[in-house]
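Here is a quick walk through one protein–DNA model. Have a look at the structure first, and then we'll go through a few spots in turn.

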Amino acid sequence: MDVVHSTDVELVCKCLQVEHKTFYFDLKENPRGRYLKISEKSSGSRSTIIVPVAGIVWFVDLFSYYADGDDREPSSKELQLDNKVFHFEVRENAKGRFLKVSEVSLPSIRSTIIVPAGNEADEGWGAFRNVLAEIHETSQLIVTLPDGSVSSQQLSGTPELLGNLSDVVDTAAYMSSRNGKLVSQARPLRDGATNLLPSINHDTGGLITARVLRAKNKKFYFDLGSNARGQYLRISEVVPYCSIYCQHSL
DNA sequence: ACGGCAT
């Protein structure tokens, strides 16, 4: 199924357990752009839809609509993006209510995931919406630079900063070990987090102080390096595998 | 601990 020798870079990965199902969210990037791969795994079987990055915010909106469901029966929705159409449809069977999300891309390739409604506001559709919203926010924090130069980005009003921070750091670790290119770091507004970031001093030609960041049970190493293509920041993490993140977060 | 969809 999956292409083993993929050149696509993983920017963010999250997973969500709903009832007996596990959903995997992978924000990836290749030269054509970014996309979100959403997979569901249930007792061996697995299905996947691919959402172009521009569609994530619409998915947040649509899942909000279904999760916040007022009294009347929610209607089916369609979302057209690039060359695909996504169909959203609420159904019910003996096991409960669920949302069927189908992707149809031409010529006639269809894939579907089934998202259980869940029993409370913060599970099922609501939890799904929250994960999508986090990924959307994180995607905006991550900037990949084609020329390998360092830049920092001033952001304001970012909630849940530490959660987003570790996502960004994971990305940086992956990208710098892969091709030596750089990922800019968002500057958190929360004091505790700000102090842990490497400092980039533009007055001294972008000198970076190496540091170690501990977040939860993870450890990240920040090191400044340089090669023929310029200066870069290497950020290493002890356990860089997506599947292990998911196990930890469950 | 499911399992839906639909080929």
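Let's start with Ser108, which sits in the loop between E7 and E8. This is a predicted model, and Ser108 has a phi near 50 degrees, a positive value in a residue other than glycine. Is Ser108 buried or exposed? Its relative accessibility is 67%, so Ser108 counts as exposed. Pro107 lies in the loop between E7 and E8.

Asp82 is another residue with a positive phi, near 50 degrees, and it isn't glycine either. You'll find Asp82 in the loop between strand E5 (77-81) and E6. With 64% relative accessibility, Asp82 counts as exposed.

Now for the DNA. There are 14 residues around DNA strand B, and the closest are Glu19, His20, Asn93, Phe98 and Lys100. Of the atoms of DNA strand B that come within 4 Å of the protein, 47% belong to sugar and phosphate. Sorted by class, the surface near DNA strand B has 6 charged, 5 polar and 3 nonpolar residues.

Which strands each supply at least two residues of that surface? They are strand E6 (84-93), strand E7 (96-105) and strand E8 (109-116). E7 gives the most, with 4 residues.

Here are some side-chain distances to DNA strand B:

| Side chain | Part of DNA strand B | Distance |
|---|---|---|
| His20, N or O atom | sugar or linking oxygen | 2.9 Å |
| Arg91, polar atom | phosphate oxygen | 3.3 Å |
| Lys100, polar atom | phosphate oxygen | 2.4 Å |

Leaving out residues up to four places away in sequence, Lys100 touches His87, Phe88, Glu89, Arg91, Thr112, Ile113 and Ile114. Arg91, in that list, also has a polar side-chain atom 3.3 Å from a phosphate oxygen of DNA strand B.

Helix H1 (residues 53-67) has 15 residues, and at 1.5 Å a residue it should span 21 Å; its end C-alpha atoms are 21 Å apart, so the two agree. The buried residues of H1 are Gly55, Ile56, Phe59, Val60, Leu62, Phe63, Ser64 and Tyr66. An α-helix has 3.6 residues a turn, so residues three or four places apart point the same way.

Helix H2 (residues 125-141) passes a similar check: its 17 residues should span 24 Å, and its end C-alpha atoms are 25 Å apart, which agrees. Among the buried residues of H2 are Trp125, Phe128, Arg129, Leu132, Ile135 and Leu141.

Finally, zoom out to the whole chain. Chain A has 5 helices and 16 strands, and buried residues make up 46% of its 250 residues. Of the contacts in chain A with a separation of 6 or more, 45% are between residues 24 or more positions apart. The accessible surface of chain A comes to about 13600 Å², and carbon and sulfur atoms account for 50% of it.

Conventions
Residues are numbered from 1 along each chain as its sequence is written. Chains are lettered from A and ligands numbered from 1 in the order in which they are written. This is a predicted model: local features need pLDDT of at least 70, side-chain atom pairs count only at pLDDT 80 or more; totals for chains, interfaces and linings use all residues. Side-chain values use heavy atoms; hydrogens and water are left out. A residue is near a molecule or strand if one of its heavy atoms lies within 4 Å of it. A polar contact is a pair of N or O atoms within 3.5 Å; within protein, one must be able to donate a hydrogen and the other to accept it, and residues adjacent in sequence count only if both atoms are side-chain atoms. Ala, Val, Leu, Ile, Met, Phe, Trp, Tyr, Cys and Pro count as nonpolar, Asp, Glu, Lys and Arg as charged, and the others, Gly among them, as polar. Contact means heavy atoms within 4.5 Å. The expected span of a helix is 1.5 Å times one less than its number of residues. Buried means under 20% relative accessible area, exposed over 50%, partly exposed in between (1.4 Å probe, protein chains only). Accessible areas come from the Shrake-Rupley method with a 1.4 Å probe; for residues, only the protein chains shown count as cover.
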